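Work through the exercises below with the sequence and the 3D structure open. Each task is followed by a stepwise solution.

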Amino acid sequence: MDKKTIVLGVIGSDCHAVGNKILDHVLTEAGFNVVNIGVLSPQEHFINAAIETNADVIMVSSLYGHGEIDCRGLREKCEEAGLRDILLYVGGNIVVGKQNWSDVYKRFIQMGFDRVYPPSTSTDTAINDLKEDLYKQSYNLAI
Amino acid sequence: MDAYLLVDFGSTFTKLTLVDTENEKIIATEKSYTTVGSDITLGYKMALEKLNQKTNNYNIVKRLACSSAAGGLKIIAIGLVPELTAEAAKRAALGAGARVIKTYSFNLNQDEINEIEQLNADMILLAGGTDGGDTKCIIHNAHLISKSNLKIPIVVAGNKCCVDEIKNLFNEKLEYYITENVMPKLNQINVEPVREKIRNIFIEKIIKAKGMENVEKFISGILMPTPAAVLKAAEILSIGTEDEQGIGDLAVIDIGGATTDVHSILDGFPSQPGVVLNGLEEPYSKRTVEADLGMRYSALSLYEASNKKIIKKYLKNYNCSVEDEFIKRNNNTSYVSEDKLDIDFDEAMAKICVDLSMNRHVGKIQTVYTPMGQVFSQEGKDLMTLPYIIGTGGVIVNSENPKSILEASLFSMDDPTLLKPKNPSYLLDKNYILSAMGLIAMINENMAVRMLKKYIVKI
Ligand code: B12
């Protein structure tokens, strides 16, 4: 049971299903225990899933452009639910159209996400980051 | 002739069904008041005497019974997240024919433990965490239970990683049973092992604890709680056996004095394209119990559960004080309606029971608006294309127009998000034999299917 658990899903009213299936596959291959809650998932489903499965990471996808509204308050709800140390990742096409990436990045970091990815990020990047963050976390190092 | 005698020790009546094993025919049915206060066998013997006045040319080769007497099987369900393991535990217990008197979630506190001690349950079902998931909550709760004064059996159906620790905690202090996790993976429900475990404990322990062991001198055994027998009959009629074809997807609506039960046997996947299924998986055989919807003991709570619109819908031609009529039935639970006005009122009440219980049983569809148009997300079971609804329970069985009562279960534009049946055929448990057939199914499945197909009639 040493596998790290990731709750994976596509947040809000977003039904883009293909990327979610690919991420599930790739992360499982990389040795993670993936709990995939699929598309059209409200914040509460991510949190409930993380509680029952004692997850280490919540990985949120948002493809349809409303990511910012859908993700707001997720960190606070995690804190409220007792998920104090959980890592929050987000990626996909998280905002509408072409906005200045560094602004978008900053806004999501401020919302409490640990990692924020621009469109067409390779899954390897995310896997490397996961390994690094989880390693640091298990030794209580600052991320 | 050789016969099976099937007995249902109900909360009010002890019902007997005598079945000719060779011709697979019902020879006679009879009932008498249940006498659980004094000696439960008295009511049984009384009913048997009445039965023998009708026929005595038979040789009983098997006596089987189910029971909901002495309050039925009362279970407390405990889980972690309310919508996940706590809900899964509740569904599993309902499927085992239990009355779930209360459901708890997250870490229990001492007040809740005190409350559980007062609730006078027959059994506790303890869940929490997926396999490999959370361990803290179920261990915390097991710890509090082990320190409490609880003496009832505990069924443990949580995270498998906690089993050793829980065994150490409960050790010789408590009577406990470990079974498979009721939610081994997120949103995946595993009710069968829990149902089986509960049934075994019911046979071996609960019956004795309720002072019903002396029936075993007369009867081969009380096999299960009555609602579990009804669910068994519904399952076998739907699915069939290798030799006898079942009739396919179906639902049973059972209106009683205190509760309305709905059983549905189908996967309930979306019937329309473009619908995404969300949330906790549903058991294939699903039972819901509405403790506030009933004809007598729950008449007042039924009134409280009804809004103006639904009262108007079913009681529009009624001139007396509607509230008084509900109160009258609630205060006199053995009230028998005889004149037409009273019967009509009972049937209107039954329609409200059917309507509301179906609302709560079926899944819901949510429309999600996007720039591209609508997408749909479904939670729970879709019953829109359900082919059969079976009615049972006194008010339906004795009605001159049972179909009109069952029609209250239909899909309606009043709330199009509820996935209720659109165009089912209606069947009637005319001879009131569903529980008896559930018992026969335990010893001869083929015979149970054949008899159900013969005695559950189209209306
Ligand atoms: C197919 C598609 C659809 C299909 C989806 C079918 C389905 N059920 O899956 C349909 C037609 C239904 C659809 C609808 C809509 N779509 Co569309 N769709 C696409 C399209 C063409 C491909 C998406 C896809 O499957 N890609 C392939 C997968 C493998 O890639 P991916 O989803 O991006 O996921 C990868 C990465 O993003 C990344 N990733 C994803 N999440 C995360 C998370 C983390 C933490 C990390 C590290 C990485 C990561 O890894 C994944 C695997 O490699 C894209 C355009 C495009 N080429 O991307 C538009 C696109 C996503 N859609 C878009 C839009 C606007 C919509 C609609 C709102 C309306 C419309 N214009 O059609 C609706 C929304 C419906 C809804 N409620 O969700 C926009 C989004 C714009 C934005 N964000 O600013 C896009 C980008 C098209 C565009 N350029 O306008 N769409």
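## Exercise 1: Chain A

Read along the sequence, chain A runs β-α-β-α-β-α-α-β-α-β-α. The model is predicted: local features need pLDDT of at least 70, side-chain atom pairs count only at pLDDT 80 or more, and totals for chains, interfaces and linings use all residues. Residues are numbered from 1 along each chain as its sequence is written, while chains are lettered from A and ligands numbered from 1 in the order in which they are written.

**Task.** How many helices and strands are in chain A, and what radius of gyration does it have?

**Solution.** 
1. Count the elements. Chain A has six helices and five strands. Helices (H or I, at least four residues) and strands (E, at least two) are DSSP runs, numbered from the N terminus.
2. Check the size. A compact globule of 143 residues would have a radius of gyration near 15 Å; chain A has 14 Å, which agrees. The radius is taken over C-alpha atoms, and the globule rule is 2.2 Å times the number of residues to the power 0.38.
3. Take the box. Along the principal axes, the C-alpha atoms of chain A fill roughly 40 × 30 × 25 Å.
4. In chain A, 45% of the 143 residues count as buried. Buried means 20 or more other C-beta atoms within 10 Å of the residue's own, exposed 12 or fewer, partly exposed in between; C-beta atoms are placed from the backbone.

**Task.** Does helix α5 (residues 101–110) of chain A lie buried or in the open?

**Solution.** 
1. Of its 10 residues, the number buried is one, so α5 of chain A lies largely in the open.

## Exercise 2: Chain B

**Task.** At what angle do helix α7 (residues 226–239) and helix α14 (residues 434–441) of chain B pack?

**Solution.** 
1. Chain B has 15 helices and 19 strands. Its radius of gyration is 22 Å, close to the 23 Å that the globule rule gives for 459 residues, so chain B is as compact as a globular protein of that length.
2. α7(B) and α14(B) pack at about 75 degrees, with axes 7 Å apart. Axes are lines fitted to C-alpha atoms, for helices over the stretch in contact; angles run from 0 to 180 degrees between N-to-C directions.
3. Classify. That makes α7(B) roughly perpendicular to α14(B). Under 35 degrees counts as roughly parallel, over 145 as roughly antiparallel, 65 to 115 as roughly perpendicular, the rest as oblique.
4. List contacts (C-beta atoms, placed from the backbone, within 7 Å). Residues of α7(B) include Ala229(B) and Ala233(B), and those of α14(B) include Met437(B) and Leu439(B).
5. Sort by class. The contact has eight nonpolar, three polar and one charged residues. Ala, Val, Leu, Ile, Met, Phe, Trp, Tyr, Cys and Pro count as nonpolar, Asp, Glu, Lys and Arg as charged, and the others, Gly among them, as polar.

## Exercise 3: Interface and ligand

**Task.** How many residues of chain B are in contact with chain A, and which residues come nearest the ligand?

**Solution.** 
1. Count the interface. 18 residues of chain B contact 14 residues of chain A.
2. Locate chain B's side. β15 (364–370) and β16 (373–379) of chain B each supply at least two of its residues.
3. Turn to the ligand. Of the 29 residues around it, Val18(A), Gly19(A), Ser61(A), Gly65(A) and Gly91(A) come nearest. The cut-off is a C-beta atom, placed from the backbone, within 6 Å.
4. Assign chains. Residues from chains A and B surround the ligand, so the site is shared.
5. Sort the shell. It divides into 16 nonpolar, 12 polar and one charged.

Conventions:
Contact = placed C-beta atoms within 7 Å.
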